[in-house]
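Colleague: I have a chain open here and would like to go through it with you. Can you put it up so we are looking at the same thing?
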Amino acid sequence: MQVAEAIKKEIALADVNGDGSIEPAELSQILSHLFPQLSMTEQQAKTDELMTKYDDDHDGTLDSREVRHCLMNLAKKIPSFASESAGADYAVSL
Ligand SMILES: [Ca+2]
Ligand SMILES: [Ca+2]
């Protein structure tokens, strides 16, 4: 699976209300999936940080372009992100 595909799948999974953009609550879902070792506090802090960093038009959500940018950067830190066997070894730190 290519990174772009993996990201698309991740977005589709996370976009619970199906509006095509990722709200903070949905972003924290993605983070808990990708980085299960994060505590609730760390996850919350990371969500805030990523929202601030990638919400270019400051509308409070990440649209598909913004979230893709965000996940592409995260993916670089997760070597196994694009592999099909990924899942068990997200033992990386942000
Ligand atoms: Ca959504
Ligand atoms: Ca936005």
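Colleague: How many helices and strands does the chain have?
Modeller: The chain has 4 helices and 0 strands. From the N terminus the order is α-α-α-α. Keep in mind that this is a predicted model.

Colleague: What share of the residues is buried?
Modeller: Of the 94 residues in the chain, 24% are buried.

Colleague: Start with helix 1. What span should it have, and what does it have?
Modeller: Helix 1 has 12 residues, which should span 16 Å at 1.5 Å a residue, and its end C-alpha atoms are 16 Å apart, so the two agree.

Colleague: Which of its residues are buried?
Modeller: In helix 1 those are Ile7, Glu10, Ile11 and Ala14. Viewed down the axis of helix 1, the buried residues fall within an arc of 100°, so they line one face.

Colleague: What is exposed on the other side?
Modeller: Glu5, Lys9, Ala12 and Leu13 are exposed there.

Colleague: What does the buried side of helix 1 pack against?
Modeller: The buried residues of helix 1 pack against helix 2 and helix 4.

Colleague: On to helix 4, then. Where is it, and how far does it reach?
Modeller: Helix 4 covers residues 64-76, 13 residues in total. From first C-alpha to last it reaches 18 Å, close to the 18 Å expected.

Colleague: Which residues of helix 4 are buried?
Modeller: Glu66, Val67, Cys70, Leu71 and Leu74 are buried in helix 4. Down the axis of helix 4 its buried residues fall within an arc of 125°, so again they line one face of the helix. The face turned away from that side carries the exposed residues Arg65, Asn73 and Lys76.

Colleague: What are the packing partners of helix 4?
Modeller: Its buried residues pack against helix 1 (3-14), helix 2 (24-34) and helix 3 (40-54).

Colleague: What about the largest nonpolar core, how many residues are in it?
Modeller: The largest nonpolar core has 15 residues, and Ile22, Leu27, Val67 and Cys70 have the most contacts inside it. Helix 1, helix 2, helix 3 and helix 4 each give two or more residues to this core. As a general point, nonpolar side chains tend to be buried together in soluble globular proteins.

Colleague: What is Ile22 in contact with?
Modeller: Leaving aside neighbours within four places in sequence, Ile22 is in contact with Ile11, Ala14, Asp15, Leu27, Thr61, Leu62 and Val67.

Colleague: Change of topic: Leu50. Where does it lie?
Modeller: Leu50 lies in helix 3.

Colleague: Buried or exposed, and why?
Modeller: Leu50 is buried, because 24 other C-beta atoms lie within 10 Å, and the cut-off for buried is 20 or more. Leu50 and Pro24 are 26 residues apart in sequence, with their C-alpha atoms 9.1 Å apart.

Colleague: And Ala45, why does that count as partly exposed?
Modeller: Ala45, also found in helix 3, counts as partly exposed because it has 13 C-beta neighbours inside 10 Å, and exposed would need 12 or fewer.

Colleague: How are Ala45 and Ser28 separated?
Modeller: Ala45 and Ser28 are 17 residues apart along the chain, and their C-alpha atoms are separated by 9.6 Å.

Notes. Residues are numbered from 1 along each chain as its sequence is written. Chains are lettered from A and ligands numbered from 1 in the order in which they are written. This is a predicted model: local features need pLDDT of at least 70, side-chain atom pairs count only at pLDDT 80 or more; totals for chains, interfaces and linings use all residues. The expected span of a helix is 1.5 Å times one less than its number of residues. The arc is that of the directions from the helix axis to the C-beta atoms. Two residues are in contact if their C-beta atoms, placed from the backbone, lie within 7 Å. A nonpolar core is a set of buried Ala, Val, Leu, Ile, Met, Phe, Trp, Tyr and Cys residues joined through C-beta atoms within 7 Å.
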